[in-house]
Amino acid sequence: MNSPMHLLSPIDRLRAALPDAARAERTVLISLAAYWVLWTIYGTIAKSGQGLHPDMTELLDWSQHLAWGYKHPPLAAAIVWAWFSVFPVAACSYYLLAMLMPTLTLWIVWRLSAHYLDIEKRIFGLALLTLVPFFNFHALKFNVNTVLMPAWAATTLWFLRSYTTRSALYAALAGAGAAAAMLGKYWSIFLIAGLVAAALIDKRRGAYFRSAAPWITVAVGAIVIAPHVFWLVQHNFEPFAYAMYVHGEKSFADVAISALGYLAGSAGYVAVPVIIALAAARPSRAALGDMVWPSDPDRRLAAAAFWGPLLLPVVGALASGTDITSLWSMSAWTLLPVLLLSPPAMTIAAVDTRRLLAFAVALPVVMAIASPAILQFLPRH
C-alpha cells in the first residue's frame, strides 16, 4: 500500500503547491521550465535523424541577412538572429528556442486565466492545454506560426485588461502586441479583427471608445509596424503576391473544402482536452450554452475574443478565394480554458485535477525517455 503512494508523492507535492498563493507562481514557473526542457530533449533526440525542417533552415538563412521583410514579415527571423547571438547554432538550441514559444504561451495563459477561473480550474485548464499537440509536437518546428503563439496570447491578455480597466499601459501593450503579431505573420489580421469585433459587440463599448485606450492601442501599433509598412511599399507588397500565388485564386469549391477542413482539423486538435473537461464536469445543456456564449459581460467579452480570431479566417478565405489549413489555428487557443471552465456550473473535482495533472506531468517525461526508440521509427532524411 505504501509503494503506490510513494510513487505518486511528487504529484501530491505539486498538487499541494499549486493552490498555495505563496508557492503557486514559483511552482508554475519551475513546472513550465521542466516542460520546456523535456520536450526539447524529445525533439533533439527523436528528430536527430531527420535534420532541421526547411522552415527552420530558411529562417536561419534569413537571420544572416536581417531585413524588414521577406516572403513573410521579419519577426521570426529577428528572433532567430537574437537567439543565436547568445546560443550556439545547433539542433538542440534551435529546439530549445522552438519550445520556448509554447512554454511562454502557457505561462501567459496561466496569468490570463486568474481573472476568470478559481485556482482549481486554473490548474486544470493549464494541464489541459499541454495535451494539445500545438503545444509540443507541432511547436518543435519553429516557424512563423509558432512565433504567433505567445504574440497572440500576450495581445489577448493586454487587450482584455485594457478594455476592462482603460489602462494606458495595457492599451499601449495591446498595440505593441498586435503589431508584433502582424510582424510575425499576416494571419494575425484575424486576431486584430476578432478583438475589434469583441470590443464592438460588448455593451461597454461606448465607455471604451470614449476613453483614450483604443486610440493609444492604434497609435502604438501603427508606430511599431510602420518600418515594415514602409518596406512593403518599397518592395511593391511582395509578401502579399507570394501569399496569393501559393494560397489564392482557388475555386469556390476548393476554398469551401479547405474551410471545412480548417474547422474540422482545428476541432480535432483540441478534441482530447475538450472531451476531458466535459467528462470531468458533466455540464447541463444550460451550462454548455453559457460556455459557448456566456451571460456575464466579462466572460462574454472573452468568448467573443476567442471565437472571432478562430472563425473569421473562414469568412476571409471564402471572401478572398484562398485556402486555409487547421495548422494555422495553433495560436488561437489562449482562451480555451476560460471558455471551457469559467461557467459557474462547470465544477471540477480535486481528484480529477490530480489525475489530469499526473497525466500532463507524465507525458513529456515518457516522451523524453522514449525518444531514442521513437527515433528508430521516424522517417530519416
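Predicted model: local features only at pLDDT ≥ 70, side-chain atom pairs only at ≥ 80, totals over all residues.
User: Moving to the helices, are H5 and H7 roughly parallel or antiparallel?

Analyst: The axes of H5 (residues 91-113) and H7 (residues 144-165) come within 8 Å and cross at roughly 15 degrees. Angles under 35 degrees fall in one class, so H5 and H7 are roughly parallel.

User: Is the crossing of H5 and H7 left-handed or right-handed, and how do the contact residues divide by class?

Analyst: H5 passes H7 in a left-handed crossing. On the H5 side the contact is made by Met 101, Pro 102, Leu 104, Thr 105, Ile 108, Arg 111 and Leu 112, and their partners in H7 include Met 149, Pro 150, Ala 153 and Leu 157. By class, the residues of the contact of H5 with H7 are twelve nonpolar, three polar and two charged.

User: How many residues of the contact of H7 with H8 are nonpolar, polar and charged?

Analyst: The crossing of H7 and H8 is left-handed. From H7, the contact includes Val 144, Leu 148, Ala 151, Trp 152 and Trp 158, which are among the residues meeting a group in H8 that includes Tyr 170, Ala 174, Gly 177 and Ala 181. The contact of H7 with H8 divides into 13 nonpolar, five polar and one charged.

User: Within that pair, how far apart in space are Ala 151 and Ala 181, C-alpha to C-alpha?

Analyst: Ala 151 is in helix H7, and it is buried because its relative accessible area is 13%. Setting aside residues up to four places away in sequence, Ala 151 touches Gly 177 and Ala 181. Ala 151 and Ala 181 are 30 residues apart in sequence, yet their C-alpha atoms are separated in space by 5.3 Å.

User: Which helices do the buried residues of H8 pack against?

Analyst: Helix H8 (residues 168-184) has 17 residues and spans 24 Å from first C-alpha to last, close to the 24 Å expected at 1.5 Å a residue. Its buried residues include Ala 171, Ala 174, Gly 177, Ala 178 and Ala 181. These buried residues of H8 pack against H4, H7, H9 and H11.

User: How many nonpolar, polar and charged residues are in the contact of H13 with H16?

Analyst: The axes of H13 (residues 252-269) and H16 come within 9 Å and cross at roughly 170 degrees, so H13 and H16 are roughly antiparallel. H13 contributes Phe 252, Val 255, Ala 256, Ala 259, Tyr 262 and Leu 263, while the H16 side includes Pro 309, Leu 310, Pro 313 and Val 314. The contact of H13 with H16 has no polar residues and no charged ones, and its nonpolar residues number 13.

User: Which residues does Thr 334 touch, not counting residues up to four places away in sequence?

Analyst: Thr 334 lies in the loop between helix H16 (297-320) and helix H17 (336-341). Its relative accessibility is 6%, so Thr 334 counts as buried. Leaving out residues up to four places away in sequence, Thr 334 touches Val 109, Leu 112, Trp 152 and Ala 153.

User: One last stop: what separates the C-alpha atoms of Leu 52 and Phe 209?

Analyst: Leu 52 is found in the loop between helix H2 (24-46) and helix H3 (54-63), and at 26% relative accessibility it counts as partly exposed. Beyond residues up to four places away in sequence, Leu 52 touches Thr 57, Ala 91, Tyr 94 and Tyr 95. Phe 209 is 157 residues from Leu 52 along the chain, and their C-alpha atoms are separated by 47 Å.

Notes: Residues numbered from 1 in each chain as written. Heavy atoms only, no water. Axes fitted to C-alpha atoms, helices over the stretch in contact; angles between N-to-C directions. Helix = DSSP H or I, 4+ residues; strand = E, 2+ residues; numbered from the N terminus. Parallel < 35°, antiparallel > 145°, perpendicular 65-115°, else oblique. Left-handed = near helix turned anticlockwise from the far one by under 90°. Contact = heavy atoms within 4.5 Å. Nonpolar A, V, L, I, M, F, W, Y, C, P; charged D, E, K, R; others polar. Expected span 1.5 Å × (residues − 1). Buried < 20%, exposed > 50% of the residue type's maximum accessible area, 1.4 Å probe, protein only.
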